[in-house]
Amino acid sequence: MIKINVGAGSLALALNNPQKNTETIKACLAQLSSKGGQLALFPAMSLCGASLGDMANKDLLIRKSGEALDYLTKKTGNLDILYAVGLPIKVGDKALPVQAVVYRGSVLAMAYKQEETCEKRDDK
């Protein structure tokens, strides 16, 4: 039998502030790691905020979210935690909300729902 330590928590995320959200997530991962956690799942669009609607199409926010993912990946590379964090990416002319799956300093995958784009998000 394989044992995996999973942590759960609630984060205070800031809309349109990938830098602040990255620091919040990094602190959460450090705390989880210190308690033996191995898996963490963060909300959709957690790097930039989940209620941005059309704001997610803004090129600056997409770029800043990508930079935040790069920073977070590098700063958490020493932690033995598999985690998924949400952000918008640009594919062609569409902004897609994805979950980046990260482990030991590498983005292993990016996943999204095929029918969902940032333009049509309805978080109700």
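This report covers a strand hairpin and the salt bridges of a predicted model.

## Basis

The model is predicted: local features need pLDDT of at least 70, side-chain atom pairs count only at pLDDT 80 or more, and totals for chains, interfaces and linings use all residues. Residues are numbered from 1 along each chain as its sequence is written, and side-chain values use heavy atoms, with hydrogens and water left out.

## The hairpin

Strands S3 (residues 94-103) and S4 (residues 106-111) are antiparallel partners, joined over five bridges. Strands are DSSP runs of E, at least two residues; helices are runs of H or I, at least four residues; both are numbered from the N terminus. Two strands pair if DSSP finds at least two bridges between them.

Two residues lie between S3 and S4 in this hairpin. Arg104, in the turn, has a positive phi of about 50°. Val101 stands opposite Ala109 in S4.

## Salt bridges

The whole structure holds five salt bridges. Each is a side-chain nitrogen of Lys or Arg within 4 Å of a carboxyl oxygen of Asp or Glu.

One of them joins Asp59 and Lys90, with the closest N and O atoms 3.6 Å apart. This pair links distant parts of the chain: Asp59 is in helix H2 (residues 59-75), Lys90 in strand S2 (residues 82-91), 31 residues apart. Asp59 is exposed at 55% relative accessibility; Lys90 is partly exposed at 39%. Buried means under 20% relative accessible area, exposed over 50%, partly exposed in between (1.4 Å probe, protein chains only).

Salt bridges link Arg63, Lys64 and Glu67 in a network. Glu67 meets Arg63 at 2.9 Å between the closest N and O atoms. Glu67 meets Lys64 at 3.9 Å, N to O.
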